[in-house]
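Biologist: Please guide me through this structure by question and answer.

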Amino acid sequence: MRLEVLLTRQHRVCHSFAAIAVMGRGGKFKGNRGGGRGRGGGRGGGRGGSRDAAPGHRAYQTYPDVVKEHKRLEQYYNDLLQLPEEETVEFWAALKRELPNSFRFCGSKGHALAVKRLLQTRYIPEITRITHDGGHVEPPKPVPWYPDSLAWSMTTPKNVVRKFPPFAAFQKFLVSETSVGNISRQEVVSMIPPLLMDLRPGMVVLDMCAAPGSKAAQLLEMIHRGEEARIRQVVRNFTGSSISTIKTEGELEEEAAQLEADPSDDGRATGILIANDADYKRSHMLIHQLKRLSSPNMIVTNHDATMYPSLRIPNPQDPSKPNYLKFDRILADVPCSGDGTLRKNVNLWKDWNPGSALGLHLTQVRILVRALQMLKPGGRVVYSTCSMNPVENESVIAAAIERCGGSEKIEIVDCHDQLPLLKRKPGLKKWQIMDKSGRMWSSWEEVEEFIKTSEDGLAPGRLVDTMFPKPEAADLPLERCMRVYAHQQDTGGFFITVLHKKSEFKAKPEEARKQPAANGNTSGRTNGTTKRAMDDQDDTEAAAKKLKTAEDPSTADNETVSADTVTPEPVADSVPEVQPSSEVTTADEPVTVEEPTVVSEEVSNDEPAAEEKPTADGDEMVDAMPAEPSAATPSAETQSSEKPETERKKKQQGPYEEPFKFLKPSHEVIKNVGEFYKISERFPSDRYMVRNALGEPAKAVYYTSGLVRDILVFNEGRGVKFIHGGVKMFVKQDAPSADVCRWRIQSEGMPILHGYVGEERVVVLTKKETLRRLLVEMFPKFTDGEWEKLGEIGPRVCSLGLGCCVLRIEPEGDDEDFNEHMALPLWKSFQSLNLMLPKEDRSAMLLRIFNDTTPLINMSNQKQGGNKTDGVQTKSEDAEVKTEANGDAKADELNGDVETKAVEDSDKMDVDEDISEGSVPLAVPPPTSEPAEAMVKSE
Ligand SMILES: C[S@@+](CC[C@H](N)C(=O)[O-])C[C@H]1O[C@@H](n2cnc3c(N)ncnc32)[C@H](O)[C@@H]1O
């Protein structure tokens, strides 16, 4: 077995996508895919795809070289950063090397630690033994500044991990755990902003530019921090239940502390995350990413962040007047030119252009100002980019602070003592700006001088005054901004600033910008903004005019500003109102992001497809700004596209979204599930909803937290584009008899509900081997004495009533691989059982707990042709199943109980299994060979 890697240590020419040749078993060679990007061709320099060579022959994949040189880029940052000579060499050397792989263990802390332990005990020892080219492979290392060592990084290139057989087990682990959401393939620097938010349970959080969602996932985990322990404690207190993983005094104390952190809803998390993105397609990638965390405390919206709508919430003091939601924490991880991602996005070496940054400055300022407006006094905004250009960084911070009332209102937080092991550089206080032509400018005055003598009276490129350092803001502590460079800890480049809102303010409108005189005479201009910026202004103006602000008294000031002289504030000072949907169509038109070639931190030059999900081979989510203008980021060209206006708007807006309709606790279905599962009254019954205009459960019932419900209810019909919310709690299921509940508990809702389900519908599993059997075998039989093979759960299963129940896993013994408490949905038919889990979850669990890659066995298929069992359908049964399935599909169609394909995929797996499982036994006689107790149905 031999591995040849021509890696990227050379600095002049990149072979990062070139010439990785791996001889697999039987001499079969698979070429490398095009670079760091997962699918659809190279993110970076390489294209060309892979090909298989004839067995026994070694083939080499070659990709076009990208020359890692860019004179202007190098000149600009050498002048700007003024790093010592030695460091400058390291800086460029790092940017020319391939980026290490990195990933983060996610989910609840206990779970994340358990998966991390496997890496340390099972895979790192294996990796350490791997050699190639005579040397040992460097195993993954924890990122030193990441709490609890939950983030890791490794220098072995992704392609080697994917293709070199000794890595197969590790690769399988990464893929499997990524697919079920226990590992997030995320760039190391992209993990920084959420860690600086000081986010605590109970907080109300907004992520304004969230897709594809790696940071949003971090934020959501923080909102749920400690929840498991809290709920355990509360449930134990009120039921005396056996649910407990507590083993030591210390753990008990920790649990008590957690309860104090967010006590008001019986330990359930009360905070929320609203994750937003202006791009409809990308916001569905975001949904896919966040949905894996099964959080009822999350909403996804699809708005232009520069004019993010104010959201109504109830006003307990005066129910006739709505309150508006303000946030404790906001992340503004804005669209940027992305030159901090040069290591991953090799094409930037040829495509870099200072115009990208200039074209984004105004949008970035507007997003940040809007963030500060929506923040509670005392709250925090974290602003971040993966760009090194001060035009997108320090100048945006300074401009936004100035517009929001200066340092008296907004403070740059000194974070030097945060994440002490993270190496960083202070923000810049002085900088020059390079325009599109490469000319350097030191001040706005210089630009104004130029304008006076220029023929057209226009500023060059897209220069505007707020891009420049301001002498009057010399005291602004911009050094508190954080810059992270590639060479400091072998990462990408990043910029982060934490802002603290001291008190409310009225944001100043953007500076006046007048058209230059036709003859080029600029007299009368207030600041000589470029033609392009004026185009921005016009668009913003049009959209802003359509934004009704009537209900918010604080918007009055903005409306008095004369539209012909001043770029109107696209958002109200605090809470601009949204419109009924038809009007919002226009108000939401993206108006400012106009640079079509911008890229972002985890960027690609290929626009991912709408349905694109994290790649099955465990790539990180593609956090890409589209190379082509997206709906959210139209170029000037697309603005004036030949497409009919209505079509363009429709495309920007995405398809019609079904409303969220909450069910009354007295609704028949809610009463039915409550009775069947004996759900405790401590579990709220007024937070169930469906997604269709009729408001009747057709296929699924969702559950949300209290605040999510209030937001969805109070903003219904206001044109706010909510595109996701709630956890699927119950799914309609064909039932074997009338007394069996037709709504089974969905696996994603199980962690939320199981503690409140009555013991009548609970089966307790304690032995590892029993779990293994249930994972490997689909539809294991319990009749004809087969129940004995089901170990400790056999007798209980026989006595249990038909239908869905909770399989509560309470491991006994000290097996480190089997010590996590879990609850899974189990379905009992007349003769067989089935764990209602998607296949990928079963396989992941088998690998995690048993280090087992046994293929799953469908026991019902196995018996086909022999005994007629649960899995074998008679014609009439088959017809019934199909009718049921069609009926559901029809109902869905009629009721529009829809989600996108990307969102539904994993559930489909469940549904498919349901159809072959839950509906089968209708005509099968009850078993006769169980022990006596098995004949006594519990219900
Ligand atoms: C740097 S990426 C965000 C990465 C994301 N925070 C993460 O960690 O996965 C920037 C995002 O901003 C979105 N975007 C661009 N213009 C926007 C606007 N005006 N309002 C809201 N989102 C915008 C893009 O679609 C893109 O997904």
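**A sheet and a binding site**

Modeller: In this predicted model, four strands form an open sheet with mixed pairing, in the order β30-β32-β33-β34.

Biologist: Which are the edge strands of this sheet?

Modeller: An edge strand pairs on one side only. This holds for the strand covering 762-765 and for the one covering 833-835. The edge strands are therefore β30 and β34.

Biologist: What does the twist average from one strand to the next?

Modeller: The twist is taken from one strand to the next in the sheet. Its average is 35 degrees.

Biologist: Which residue in β32 is the bridge partner of Val763?

Modeller: Strand β32 spans residues 803-809, and four bridges join it to β30, the two running parallel. Within β32, the bridge partner of Val763 is Leu807.

Biologist: Is Cys209 buried or exposed?

Modeller: The UniProt annotation "binding site", from an unreviewed entry, includes Cys209. Cys209 lies in the loop between β11 (204-207) and α7 (214-223). A residue counts as buried if 20 or more other C-beta atoms lie within 10 Å of its own. Because Cys209 has 27 such atoms within 10 Å, Cys209 is buried.

Biologist: Why does Gly213 count as buried?

Modeller: Gly213 is also placed in the loop between β11 and α7. The cut-off for a buried residue is 20 or more other C-beta atoms within 10 Å. Gly213 counts as buried because its C-beta neighbours inside 10 Å number 30.

Methods. Residues numbered from 1 in each chain as written. Predicted model: local features only at pLDDT ≥ 70, side-chain atom pairs only at ≥ 80, totals over all residues. UniProt positions renumbered as here; feature names shortened; annotations may be inferred. Buried ≥ 20, exposed ≤ 12 C-beta atoms within 10 Å, placed from the backbone. Axes fitted to C-alpha atoms, helices over the stretch in contact; angles between N-to-C directions.
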